[in-house]
Amino acid sequence: MSKLAAGWRIQRRVISALMIRELVTRFGRENIGFLWMMAEPLLFAVLVGIMWRSLHGPEEHGVSVVAFIASGYIPLTLFRQSMIRATRVFSVNASLLYHRQIKILDFIFVRFLIEAIGAMMAFTFIAIVLMAMDEFPTPADIGSLLAGWFLYCLFTFSLCLVLAPLSEMSDVLEKLLPVTTYVMIPFSGTFTMLSWLAPQVQPFMLYSPFVSAMELIRQGIFGESVHAMWDITVPISASAILTVIGLTLCRRVRRELVVE
Amino acid sequence: MISCENLSKRYPMGSGHKQVFKNLNLRINPGERIGLLGRNGAGKTTLIKLIGGVEMPTSGKVRREMSVSWPLGFGGGFQGSLTGYDNARFIARIYGMEYDEIRDFVEDFSQLGTQLKMPVKTYSSGMKARLAFALSLTIEFACYLIDEVIVVGDADFQRKCHFELFDKRGDRALVVASHSPDLIREFCDRAVIIHEGSGRMYSDVNEALEVYSTL
């Protein structure tokens, strides 16, 4: 038991040291410093939100266009950034493996955590600003909102666990990644509710783990104004499978990792 | 005690692979000082990395029953883009030490002065060795792994390293890879020659040096 407690202490030390190191190397200590981590999702949400509003008007399907787009685009940037940050994460950080208490899984986790915290900060920030402008409803159901975020994060993280080792094994992956993350946008639930789509495509879209998570987020925000459809077994089982594959691959890559 | 059991390591090379060593066995008892001898590319650094857990063996096992330092070399274990001070902070955090103590010791031992405020990637290899040495001496290990690094630096720095390692920490175990016969003869109890994929232990250091000179 004391061994477990000691392990936990070391783990916490390592994670916080790696977080600080990552924040300092990426954002520096100048001007707003680590707050930059929410700048990118925020900019995306604001600019795409404005674009959609000018194209589609203030309201569509009974909900505010800006609120709808902002609430969808921030998780999407979390997913895209996490994928980018997970590629080659082992070779980039290899010199840290000189310290045995640092494990390769810590690299993936820390990078994902920074993206997730940044995205959630941006989400909260933009929600408060839009609420003050009367463009964003008071969240109808915080529970569903958090559950949706949790599932979105869970699935994204499990994808990182697979992508990180794969990107070390093959260079092709890194080159295919941008187009893949772009092509999957229609299956991410970012721009539509499932109920707005034709009935015959709805069951297929539910197979995308992102869709259920996104529907839950929207249900949490808009409540009765939207009709959310979700099936949490999809994101949970997809994440479980990816995690098992990812951990196996990580173990394999670690054995062959060359550290300068 | 540290024991290496049937260690094999190979690296992929083109379509095949390069076998660095095969079924190597080695035991390091507490307080024992072992010199690693071998020609360039024989696998001294690789062995030190495996003992330190930086890289994993292709097969076999490394058992560590005492605390082992990270391999001290010219730069491994550093963040090039971070300053010397930031690296010291990082080490303090992951080893659960007080940063103030580490900083004072590093300033005093490394004599790097204001250079500590510069990113490590701007350091010369001698300066990196000074920082690496200073940082690793702030944490007390039962066994230190040293890769060639003692022989760099000026006379004053060498003297300081010898004092800190061989006098002050004379009771610790040590694994030193070096091409310097004098150093191995003076400070090591045993020596291992790594040659053509296998390692052989000599309890007589002079005998090892003699064999090594004929390789």
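1. First, the ground rules. This is a predicted model, where local features need pLDDT of at least 70 and side-chain atom pairs count only at pLDDT 80 or more, while totals for chains, interfaces and linings use all residues. Residues are numbered from 1 along each chain as its sequence is written, with chains lettered from A and ligands numbered from 1 in the order in which they are written.

2. Chain B splits into domain 1 (1-69 + 143-160 + 169-215) and domain 2 (78-140); the bounds come from an automatic or database domain assignment. Between the C-alpha centres of these two domains of chain B there are 25 Å.

3. On to the chain A/chain B contact. Here 20 residues of chain A touch 19 residues of chain B, with contact meaning that C-beta atoms, placed from the backbone, lie within 7 Å. On the chain A side, H1 and helix H10 (233-256) are the elements that give two or more residues, and H1(A) gives the most, with 7 residues. Helices here are DSSP runs of H or I with at least four residues, strands are runs of E with at least two, and both are numbered from the N terminus.

4. By class, that chain A side has 9 nonpolar, 5 polar and 6 charged residues. Ala, Val, Leu, Ile, Met, Phe, Trp, Tyr, Cys and Pro count as nonpolar, Asp, Glu, Lys and Arg as charged, and the others, Gly among them, as polar.

5. Have a look at H1 (residues 2-27) of chain A against H2 (residues 84-94) of chain B: their axes come within 8 Å and cross at roughly 160°. The axes are lines fitted to C-alpha atoms over the stretch in contact, with angles from 0 to 180 degrees between N-to-C directions. H1(A) and H2(B) are therefore roughly antiparallel, a label for angles over 145 degrees.

6. Who makes that helix contact? H1(A) brings Arg13(A), Val14(A), Ser16(A), Ala17(A), Arg21(A) and Val24(A), and H2(B) brings Asp86(B), Phe90(B), Arg93(B) and Ile94(B). That makes 5 nonpolar, 1 polar and 4 charged residues.

7. Back in chain B, strand E3 (residues 33-37) runs parallel to strand E7 (residues 190-195), joined by 4 bridges; pairing takes at least two bridges by DSSP. Ile34(B) has Arg190(B) as its bridge partner in E7(B).

8. E7(B) also pairs with strand E8 (residues 198-202) of chain B, antiparallel this time, over 5 bridges. His195(B) sits opposite Ser198(B) of E8(B). These two strands form a hairpin with 2 residues between them, and Glu196(B) in the turn has a positive phi of about 50°.

Conventions: Angles under 35 degrees count as roughly parallel, over 145 as roughly antiparallel, 65 to 115 as roughly perpendicular and the rest as oblique. Two residues are in contact if their C-beta atoms, placed from the backbone, lie within 7 Å.
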